[in-house]
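This briefing is intended for a reader with a computational background. Please consult the sequence and coordinates shown here before turning to the points that follow.

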Amino acid sequence: MARALYDWLWQHEFWLPPGITWEDMQESEDVHYPKPRDLLLSIPFAFLLVVIRRAFERAIALPLSSKLGVRDKQRPKAQPNPMLEMFYSTRCKNPKEGELISLAKQCDLPVRKVERWFQRRRNADRPSLSKKFCEACWRFTFYIIAFFTGLAVLYDKPWFWDHRECWTGYPQQPLQPSLFWYYMLELSFYWSLVFTLPFDVKRKDFKEQIVHHAATIFLISFSYCANYIRIGTLVLVIHDASDCFLEPTKIFNYMKWKKTCDSLFMIFSAVFLISRLIIFPYTVLYNTYYYSMEIFQPFFGYYFVNALLTVLQLLHVFWSCLIIHMVYKFIIQGTV
């Protein structure tokens, strides 16, 4: 049954232009094409990145946070109370007034004291500034490495300068080793983020992060399997460009360097809006929608890829509206 499903899913009519079959994608000693099984390598590489990250945070980021004056707040600890701890762990971390009154009666404590206990207990679970600083340092380091790796890999590639070259010879475009390792680097990183989600700082957009990481892994994996690697590399390098400015903005915020933080935020906003609302539509959307039709006729894979990229662009518009709103508040109120 699994084999039948696999054969149905990878019918050449779905993923290859008319007139091309999987037999036309046969490899030789010098020519290699992407294979779905290659993506399994990203799992052990992701665990390796997790190990590297832990070592980086302990040996570099944490000592750096102390030298740069990042200080964790001293928070009063909640007194041990098994009954309140059980309620906190199993039912609710922020009980309502009626629950507070009931718990106060059970513990023979004033309601105000029970309320203060829950407040202190919640504060104890909040991540420290040093932990946030270490996470931001790691992501900043990765995005810088990934962005310049992407530029180094793509600098001498013809489709980086002439976007029509993304489709020359498609889908019979051999997989180059540099492109393979660039893809593995990016895919492994997002797998590593999934693996460390339970241990990372839980922010307000925790659920959205899960959806984002899953969608990113799916897009990278699909573009690899369907040999949309040339378009995929452009998408990756465009996205990494703005992320390189987001993480240092957080770092300087944790350091309380307000002017530097605000300046970096404005730079991040400009890079994000230009890269996601101007460069991405022209370099990627227009490319896949129009230039590809100069080479082949529409087929299911063409519509599927364009649908995914359109959804991605809608997310860009949504995030851009939030950023523009933040920039407006900064200009009017002088703060982010």
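How many Å separate the centres of domain 1 and domain 2, taken over C-alpha atoms? In this predicted model, the separation of the two centres is 42 Å. Domain 1 is made up of residues 32-67 and 128-333, and domain 2 covers 82-125.

**Nonpolar cores**

- The largest nonpolar core has 62 residues, and the members that touch the most others are Trp167, Phe189, Tyr228, Phe280 and Val284.
- At least two residues of this core come from each of α3 (42-67), α7 (129-154), α8 (158-161), α9 (177-196), α10 (206-225), α11 (229-254), α12 (258-289) and α13 (300-333).
- A separate, second core comprises 10 residues, including Leu84, Phe87, Leu100 and Phe118.
- Valine 284 contacts Ile231, Leu234, Val235, Ile238, Ile279 and Leu309, with neighbours within four places in sequence left aside.

**Glutamine 313**

- Helix α13 contains glutamine 313.
- Glutamine 313 counts as buried because its relative accessibility is 11%, and the cut-off for buried is under 20%.
- When residues up to four places away in sequence are not counted, glutamine 313 touches Arg276, Leu277, Phe280, Pro281 and Leu285.

**Cavities**

- The model has 3 cavities of 30 Å³ or more.
- The volume of the largest cavity is about 60 Å³.
- The residues lining the largest cavity are Trp159, Gln173, Pro174, Leu175, Gln176, Leu179, Asn227, Ile229 and Arg230.
- This lining consists of 5 nonpolar, 3 polar and 1 charged residues.

**Backbone geometry**

- Most peptide bonds are trans, and most residues other than glycine have a negative phi.
- Tyrosine 170 and proline 171 are joined by a cis peptide bond, with omega about 0°; proline 171 lies in the loop between α8 and α9.
- Asparagine 227, which is not a glycine, has a positive phi near 60°.
- Asparagine 227 belongs to the loop between α10 and α11 and is one of the residues that line the largest cavity.
- Asparagine 227 is classed as buried because its relative accessible area is 5%, against a cut-off of under 20%.
- Lysine 256 also has a positive phi, of about 70°, although it is not a glycine; this residue is placed in the loop between α11 and α12.
- Lysine 256 is classed as exposed because its relative accessible area is 64%, and exposed requires over 50%.

Definitions and conventions:
Residues are numbered from 1 along each chain as its sequence is written. This is a predicted model: local features need pLDDT of at least 70, side-chain atom pairs count only at pLDDT 80 or more; totals for chains, interfaces and linings use all residues. Side-chain values use heavy atoms; hydrogens and water are left out. A nonpolar core is a set of buried Ala, Val, Leu, Ile, Met, Phe, Trp, Tyr and Cys residues joined through side-chain atoms within 4.5 Å. Buried means under 20% relative accessible area, exposed over 50%, partly exposed in between (1.4 Å probe, protein chains only). Helices (H or I, at least four residues) and strands (E, at least two) are DSSP runs, numbered from the N terminus. Contact means heavy atoms within 4.5 Å. Domain bounds come from an automatic or database domain assignment. On a 1 Å grid over the protein atoms alone, a cavity is a set of points where a 1.4 Å probe fits but cannot get out, and a pocket is an open set with protein on both sides within 12 Å along at least five of seven lines; lining residues have an atom within 4 Å of a point. Grid points are joined across faces, edges and corners, and a volume is the space filled by probe spheres set on the points. Ala, Val, Leu, Ile, Met, Phe, Trp, Tyr, Cys and Pro count as nonpolar, Asp, Glu, Lys and Arg as charged, and the others, Gly among them, as polar.
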